[in-house]
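The following note is intended for a colleague who is meeting this structure for the first time. Please read the numbered points with the sequence and the model at hand.

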Amino acid sequence: MEEKTATLPRTVGFWGTALFPVNGMIGSGIFAMPAILVAAVGNFAPWMMLLGALLILPLAWVFAALAMRFDGHGGPILYANAAFGKFFGFQSGWMRYASAVVAVAANTHVAIAYLTVLFPVLEDPFLGSAAVIAFIAFVTIINLVGMRASVGTLGMMTVVKLLPLAVLVIWGLATRDPAVGFSVPEFTDFESVVLLTFYAYMAFENGNFPAGELKNPRRTIPLALMTTLAAVALFYMLVIWAYLAIAPDAGGGDSALAAAANEVAGQAGVIAISVAASFSIAANTLSGGIVVPRMTYGMAEQGTLPAMFAHVSRRFQTPDVSVLFYGCAAILFSLWGGFAALAVASTLSRLVMYLLSALALPVLERRDAEKAPWWHMPAAALAAVATIWVSTHATAEAYQMLGLIFVVGCGLYFVAARQETSDTSPA
């Protein structure tokens, strides 16, 4: 293996950056969300998506403000490291990394399940598992080839997944009663509904991780964060309005939009939405495959992981070791039936990262000689409160798994720290 002799080039502009949060926020949830929300709150469902966006908005502000201070890889890992030291920076990254590896294994299984509509042969457990491995390997190879190839592929997959949804929205709102209302229902379980909409926007921060490969990241990331959050919120609202207009009683669960498409286009509509769903989840997986290895690359740059994770391929200018490690870990988890137990802690581990970032902003700004904008402190406070409130609704099992992830992370951190000390000590 060649020694690291180069840094990663800055090749991604605004539109490429915007693909990361868009595909983080729009995955499998958009295909099940309409039926779930309509069943809970009726025609107020689209407005619940707006409430969810407003709930996560302070966090987006925090990440935008922090992005204006740093231009290297790692995002929230870099923020926590700078504010609280390497241990908290490592834990922020490790917890996010662990949840991402579990998520890619689970999501790829779901994507292949949607493809069984077109290819019933994939219902065979062996062939289904083979397809999961093949897709993760494909994502890994694309990411090894280069950032340009990765972003280009992600862009094409994003078009494929959004186009059928856009057609459904236009068709539904143009030909049916859009049922746009603002009648506030009697909420029987308000908190659970709000939490569901909050979860829909998680992964908005995906554009912060590869900052070292973005053009002018201190401007590009905040702009991409704000515009994509607004656009995704509007898109969610339009999709739910279209579902209300077409057939709110046609079906539910994961097949809600497929049932609505069946009402307006028959089997062709079902196939189009099934393809969109599989590509949506696949693009979500590809997006994670691009940004998550940049976390381990950034952690190695900061000295909290072995230096090999910061290795850069001379030929492709990509963090090849980090990409290969992530791909292999995802494949191994996809073969292990017990990863579902870890999945319950994935949301909670991400909330830890959010909380550390919210607390990092005022800590870092207190060290500055220049006065920060007045809204930074209220935004950080609201972000911290929202994160803590959401975390109080996690299950005991989620906290147990989070504790296990934390303990393993502590072990890895101190092993890496001991190795770093021995490497730097005089002979």
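**Note on the predicted model**

1. Phe-135 counts as buried, at 16% relative accessibility; buried means under 20% relative accessible area, exposed over 50% and partly exposed in between, with a 1.4 Å probe and protein chains only. The residue lies in helix H6. Helices are DSSP runs of H or I with at least four residues, strands are runs of E with at least two, and both are numbered from the N terminus. Phe-135 touches Thr-108, Met-157, Ala-282 and Thr-285, leaving aside residues up to four places away in sequence; contact means heavy atoms within 4.5 Å. Between Phe-135 and Ala-282 there are 147 residues in sequence, yet the C-alpha to C-alpha distance is 8.4 Å.

2. On the basis of the model: this is a predicted model, in which local features need pLDDT of at least 70 and side-chain atom pairs count only at pLDDT 80 or more, while totals for chains, interfaces and linings use all residues. Residues are numbered from 1 along each chain as its sequence is written, and side-chain values use heavy atoms, with hydrogens and water left out. The mean pLDDT of the protein is 86, and 89% of its residues reach 70 or more; pLDDT is the predictor's confidence in each residue, from 0 to 100. Over residues 1–5 pLDDT stays under 50, and for this stretch the model has 12 contacts beyond four places in sequence.

3. On the overall composition: the protein has 15 helices and zero strands. Of its 427 residues, 55% count as buried. Among contacts between residues at least 6 apart in sequence, 84% join residues at least 24 apart.

4. How do H6 and H10 cross, left-handed or right-handed? The crossing is right-handed, that is, the near helix is turned clockwise from the far one, whereas in a left-handed crossing it is turned anticlockwise by less than a right angle. The axes of H6 (residues 125–145) and H10 (residues 256–301) come within 10 Å and cross at roughly 45 degrees. Axes are lines fitted to C-alpha atoms, for helices over the stretch in contact, and angles run from 0 to 180 degrees between N-to-C directions. H6 and H10 are therefore oblique to each other; angles under 35 degrees count as roughly parallel, over 145 as roughly antiparallel, 65 to 115 as roughly perpendicular and the rest as oblique. Phe-135, Val-139 and Asn-143 make the contact from H6, and Ala-282, Thr-285, Leu-286, Gly-289 and Ile-290 make it from H10. By class, these residues are five nonpolar, three polar and no charged. Ala, Val, Leu, Ile, Met, Phe, Trp, Tyr, Cys and Pro count as nonpolar, Asp, Glu, Lys and Arg as charged, and the others, Gly among them, as polar.

5. The axes of H3 and H13 come within 10 Å and cross at roughly 50 degrees, which makes H3 oblique to H13. H3 passes H13 in a left-handed crossing. The contact involves Leu-59, Val-62, Phe-63, Ala-65 and Leu-66 of H3, together with Tyr-354, Ser-357, Ala-358, Leu-361 and Leu-364 of H13. Nine of these residues are nonpolar, one is polar and none is charged.

6. Why is helix H4 (residues 76–84) described as largely enclosed by the rest of the structure? Seven of its nine residues are buried, so the rest of the structure largely encloses it. The buried residues in H4 are Pro-76, Ile-77, Leu-78, Tyr-79, Ala-80, Asn-81 and Ala-83. They pack against H3 (45–67), H5 (86–115), H10 and H13 (346–366). Gly-85 follows H4 and has a positive phi, near 105 degrees.

7. The loop between H8 and H9 contains Asn-208, which counts as buried at 1% relative accessibility. Asn-208 touches Phe-63, Ala-67, Gly-75, Pro-76, Tyr-79, Ile-221 and Leu-225, not counting residues up to four places away in sequence. Ala-203 is also found in the loop between H8 (190–200) and H9 (217–246). Although it is not a glycine, Ala-203 has a positive phi of about 85 degrees. Ala-203 is buried, with a relative accessible area of 5%.

8. Gln-317 lies in the loop between H10 and H11 (320–335). Gln-317 is not a glycine, but its phi is positive, at about 55 degrees. With a relative accessible area of 24%, Gln-317 is partly exposed.
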